[in-house]
Amino acid sequence: MKVLIVDDDLLVCQSLQLLLGKEHDLQVINIAMNGQEAMELCQNEQPDVILMDIQMPVVNGIESTKRIKEQWPSIQIMMLTTFRDEKNIRLALNAGAAGYLLKSASIENMAQQIRALKAGSTILDADVLKTITEPDKAALEGLTEREADIVELIAQGFSNKEIAEQLFLSVGTVRNMLSVILDKLEFRDRTQLAIYYWQRKQE
């Protein structure tokens with residue numbers, strides 16, 4: 001699996017390169033110091049996964065993520081940053097990032113998180129998940145707390161299987177609860193449910 005590291009802090013790049021270089025199935029193909037360099041390397045080297053900082057010169061990580069996903073939608077991007085504010089998290093996920101980790105988090109499981117990202121999972125740091133979900137329980141009137149949990153995870157792009165794993169439920173239970181939620185809110189599908197969730201967030 002080919003990994004590209006994008007960060008304007010050379011020490012961060014070198015540390016990640018050293019850490020990930022120990023994994024037999026991961027190959028750090030290059031490093032970039034800004035979003036423009038990242039886009040050029042995507043053109044030439046086609047990485048599978050990108051670890052992307054947010055605040056960088058020339059082109060920042062969020063804008064770079066958006067442009068890369070538009071041109072190369074199969075490339076999976078994980079934001080790796082110090083920013084844990086809701087605005088940056090939202091912007092990054094809306095730009096197409098499939099993961100958001102804080103640099104303060106343990107990097108011991110970084111390799112597994114990269115593999116999971118490549119396999120199609122959404123990877124969110126526990127503190128990030130807390131930031132974007134905690135205020136919303138009250139906004140989902142008429143739903144139980146567990147139903148609200150399911151709506152939040154659907155809005156973040158999780159599959160029924162991933163939701164089941166997160167909440168320690170069976171896939172069948174998640175599917176049944178989703179049907180109940182759609183009936184309660186009078187929506188046709190999970191896409192409408194996700195749109196509703198994000199609209200409520202902006203109120």
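**Figure 1. Valine 58 is exposed, at 68% relative accessibility.** Here exposed means over 50% relative accessible area, buried means under 20%, and partly exposed is in between (1.4 Å probe, protein chains only). The model is predicted: local features need pLDDT of at least 70, side-chain atom pairs count only at pLDDT 80 or more, and totals for chains, interfaces and linings use all residues. Residues are numbered from 1 along each chain as its sequence is written, and side-chain values use heavy atoms, with hydrogens and water left out. Valine 58 sits in the loop between strand 3 and helix 3 (61–71). Helices (H or I, at least four residues) and strands (E, at least two) are DSSP runs, numbered from the N terminus. The phi of valine 58 is near 70°, a positive value in a residue other than glycine.

**Figure 2. Phenylalanine 168 also has a positive phi, of about 60°, although it is not a glycine.** Its place is the loop between helix 8 (160–167) and helix 9 (171–185). Phenylalanine 168 is exposed, with a relative accessible area of 78%.

Figure 3. Two strands pair if DSSP finds at least two bridges between them.

**Figure 4. Strand 1 (residues 2–6) runs parallel to strand 2, and five bridges join them.** Leucine 4 has asparagine 30 of strand 2 as its bridge partner. Valine 6 is partnered by alanine 32, also in strand 2. Four of the five residues of strand 1 are buried, so the strand is mostly covered. Contact means heavy atoms within 4.5 Å. Axes are lines fitted to C-alpha atoms, for helices over the stretch in contact, and angles run from 0 to 180 degrees between N-to-C directions.

**Figure 5. Methionine 33 lies in the loop between strand 2 and helix 2.** At 25% relative accessibility, methionine 33 is partly exposed. Neighbours within four places in sequence are left aside here; beyond them, methionine 33 contacts Asp7, Asp8, Asp9, Leu10, Met56 and Pro57. Alanine 92 is 59 residues from methionine 33 in sequence, and their C-alpha atoms are 18 Å apart in space.

**Figure 6. Helix 1 (residues 10–20) crosses helix 5 (residues 110–118) at roughly 85°.** Their axes come within 10 Å. The two helices are therefore roughly perpendicular; angles of 65 to 115 degrees count as such, under 35 as roughly parallel, over 145 as roughly antiparallel and the rest as oblique. Leu16, Leu19 and Leu20 of helix 1 meet Met110, Ala111 and Ile114 of helix 5. By class, this contact has six nonpolar, no polar and no charged residues. Ala, Val, Leu, Ile, Met, Phe, Trp, Tyr, Cys and Pro count as nonpolar, Asp, Glu, Lys and Arg as charged, and the others, Gly among them, as polar.

**Figure 7. Helix 7 (residues 145–155) is largely enclosed by the rest of the structure, because nine of its eleven residues are buried.** Among the buried residues of helix 7 are Glu147, Asp149 and Glu152. Ile150, Val151 and Leu153 are also buried. Just after helix 7, glycine 157 takes a positive phi of about 95°.

**Figure 8. The count comes to two aromatic pairs.** Rings of Phe, Tyr and Trp (its six-membered ring) pair if their centres lie within 6.5 Å; planes under 30 degrees apart count as stacked, over 60 as edge-to-face and the rest as tilted. Phenylalanine 187 and tyrosine 196 have ring centres 5.3 Å apart and planes at 55°, so this pair is tilted. Phenylalanine 187 is partly exposed at 23%, whereas tyrosine 196 is buried at 14%. In the pair of tyrosine 197 and tryptophan 198, the centres are 4.9 Å apart and the planes at 85°, so the pair is edge-to-face. Tyrosine 197 is buried, with a relative accessible area of 1%. Tryptophan 198 is partly exposed, at 21%.
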